There are 2 protein chains.
Amino acid sequence: MARPREFDTTEALNQAMQVFWSKGYEATSLSDLIGAMKLSKSSFYDTFGSKHDVFLAAIEHYKKTITAQVSAVSGLDAPARKLIESLFERAVSRMTEEGGQRGCFLNNCAVEVALHDPAAAKLIGGGFAIMEDTLFALVERGQREGGIAPDKDPRALARYLTSSLNGLMVVGKANPDPESLSDVARTALTVLD
Amino acid sequence: MARPREFDTTEALNQAMQVFWSKGYEATSLSDLIGAMKLSKSSFYDTFGSKHDVFLAAIEHYKKTITAQVSAVSGLDAPARKLIESLFERAVSRMTEEGGQRGCFLNNCAVEVALHDPAAAKLIGGGFAIMEDTLFALVERGQREGGIAPDKDPRALARYLTSSLNGLMVVGKANPDPESLSDVARTALTVLD
DNA sequence: CATGTTTTGGACCAATTAGTCCATAATAAT
DNA sequence: ATTATTATGGACTAATTGGTCCAAAACATG
């Protein structure tokens, strides 16, 4: 009793994540999930246990994908400052493009469930930590390279940048205006000078 | 057919707002609402129409309360820069104190419903606009007073500060650590130098 | 006290929720 | 071809959802 004989579990989790991302946890129903994951109700429960279990797994899945993306970006040999800037630019353009207002999955989860779902909160915290650590490494590198003010505390900068990116997503949801968001991104990055 | 003979509508909306604030829109049930608002199901529907109508009214109510608070703060004769700083300080301490992790109601609403609820999205956008305009006025005053860099675009700064405050709330939800959040707030405010 | 107006509890509704279970169907192994 | 395994559709719960409705209770007014 389990999932189809050959069945791409990570792809299913990816689909589940997409649904949670678009609709939020509460607003996502079982039928939404089994529809997106393309398995039967029975297989769903046999394989994943419960809606909440899938939710946690989706958060974990998200963390894996950003870890991959992030290490790809950090590996580029462009100056670290440029990489950080392009992170903000990409956030702005994603938020302003058609259908891009889903924002950041972690961000959405943090706001919707962190207060009432300790298990999820822990995973989400871990996700933010990944972002922060990535930015920390980039900031330190930028300081060595000379693109970022060397006297500033890199940990504080990393925390600040993480928070700034999240702020951008939130205001972008209510008002996805390119000009506004560019103002925010540009101003936020002046801290690195 | 209506509400109780003497009935404080704004107080009821305030209670409704508290519930939506704590639990989110989807996770709030009718019984939650009529419990908090202290009226019967019949009176609820007679007076307010529907859950969604109450939700919109609660957002409006929130906007009224922040407008009031905000004009009180702006009226203080302390330097504008100090007022902005205390806004961030208060955000940090609220997020880190026991039970303060609800964050900002507008922020929560933006993340949970803006994408799928145009009517709410419009009200939420208006709420952010109030914040932005308030900060804009403070920034301009700060620039005149000399506490804030006069060469920077006050509109961009206001947008940036609004976004920063929201970012603070989001990361605070997942990780309500005073040190982290202080780092964020302190760093964010250096933009005003 | 009687009349007219408000307000309410709670019965009721249809839809939906997350979740269980099993007989059947599909597949694989022998 | 037979057997053993695996997966599925869908019937089935029990609870809850938002919402309607009305007879009775509470109240105010005369």
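Me: Is S163(B) buried or exposed?
Reply: This is a predicted model. S163(B) sits in helix α8 of chain B. Its relative accessible area is 1%. The cut-off for burial is under 20%, so S163(B) counts as buried.

Me: Which residues does S163(B) touch, leaving out those up to four places away in sequence?
Reply: S163(B) lies in α8 of chain B. Its partners carry chain A labels. They are S164(A), G167(A), L168(A), V171(A) and V184(A).

Me: Which helix gives the most to the side of chain B that touches chain A?
Reply: Between chain B and chain A, 11 residue pairs are in polar contact, both residues at pLDDT 80 or more. On the chain B side, α1 (9–23), α6 (105–113), α7, α8 (154–174) and α9 (178–189) each supply at least two residues. The top contributor gives 14 residues, and that helix is α8(B).

Me: How many residues of chain A are in contact with chain B, and what area is buried between the two chains?
Reply: From chain B, 39 residues take part, and they meet 38 residues of chain A. Carbon and sulfur atoms give 68% of the buried area. That area is about 3200 Å².

Me: How many salt bridges are there between chain B and chain A?
Reply: One cross-chain pair is D183(B) with R159(A), at 2.6 Å from N to O. The count between the two chains is two.

Me: Which residues are linked with D183(B) in a network of salt bridges?
Reply: D183(B) meets R159(A) through their side chains. Both belong to a network of salt bridges. Linked with D183(B) there are E132(A), D133(A), R155(A), R159(A) and R186(B).

Me: Which parts of chain B does the pair E132(B) and R155(B) tie together?
Reply: The side chains of E132(B) and R155(B) meet in a salt bridge, 2.9 Å from N to O. The two residues are 23 apart in sequence, E132(B) in one helix and R155(B) in another, so the pair ties together α7 and α8 of chain B.

Me: How far apart are the closest N and O atoms of K23(A) and D32(A)?
Reply: K23(A) is partly exposed, at 35% relative accessible area. D32(A) is partly exposed too, at 24%. The two form a salt bridge, and the closest N and O atoms are 3.2 Å apart.

Me: How many salt bridges are there over all chains?
Reply: Side chains of opposite charge can pair when their charged atoms come close. The cut-off used is 4 Å between nitrogen and carboxyl oxygen. By this rule the count over all chains is 20.

Me: Which residues touch the most other members of the largest nonpolar core?
Reply: This core has 120 residues. One of its most connected members, F105(B), contacts M17(B), F20(B), W21(B), F55(B), A58(B), I59(B) and Y62(B), leaving aside neighbours within four places in sequence.

Me: What distance does helix α7 of chain B reach from its first C-alpha to its last?
Reply: The helix covers residues 118–145, which is 28 residues. Just after α7(B), G146(B) takes a positive phi of about 100°. At 1.5 Å a residue, 40 Å is expected, and the span is close to that, at 40 Å.

Me: How many helices and strands does chain A have?
Reply: Of the 193 residues of chain A, 51% count as buried. Its C-alpha atoms fill a box of roughly 60 × 30 × 30 Å along the principal axes. Along the sequence the pattern is α-α-α-α-α-α-α-α-α. That comes to nine helices and zero strands.

Definitions and conventions:
Residues are numbered from 1 along each chain as its sequence is written. Chains are lettered from A and ligands numbered from 1 in the order in which they are written. This is a predicted model: local features need pLDDT of at least 70, side-chain atom pairs count only at pLDDT 80 or more; totals for chains, interfaces and linings use all residues. Side-chain values use heavy atoms; hydrogens and water are left out. A nonpolar core is a set of buried Ala, Val, Leu, Ile, Met, Phe, Trp, Tyr and Cys residues joined through side-chain atoms within 4.5 Å. Buried means under 20% relative accessible area, exposed over 50%, partly exposed in between (1.4 Å probe, protein chains only). Contact means heavy atoms within 4.5 Å. Helices (H or I, at least four residues) and strands (E, at least two) are DSSP runs, numbered from the N terminus. The expected span of a helix is 1.5 Å times one less than its number of residues. Buried area is the accessible area (1.4 Å probe) that two parts lose on being put together, summed over both. A polar contact is a pair of N or O atoms within 3.5 Å; within protein, one must be able to donate a hydrogen and the other to accept it, and residues adjacent in sequence count only if both atoms are side-chain atoms.
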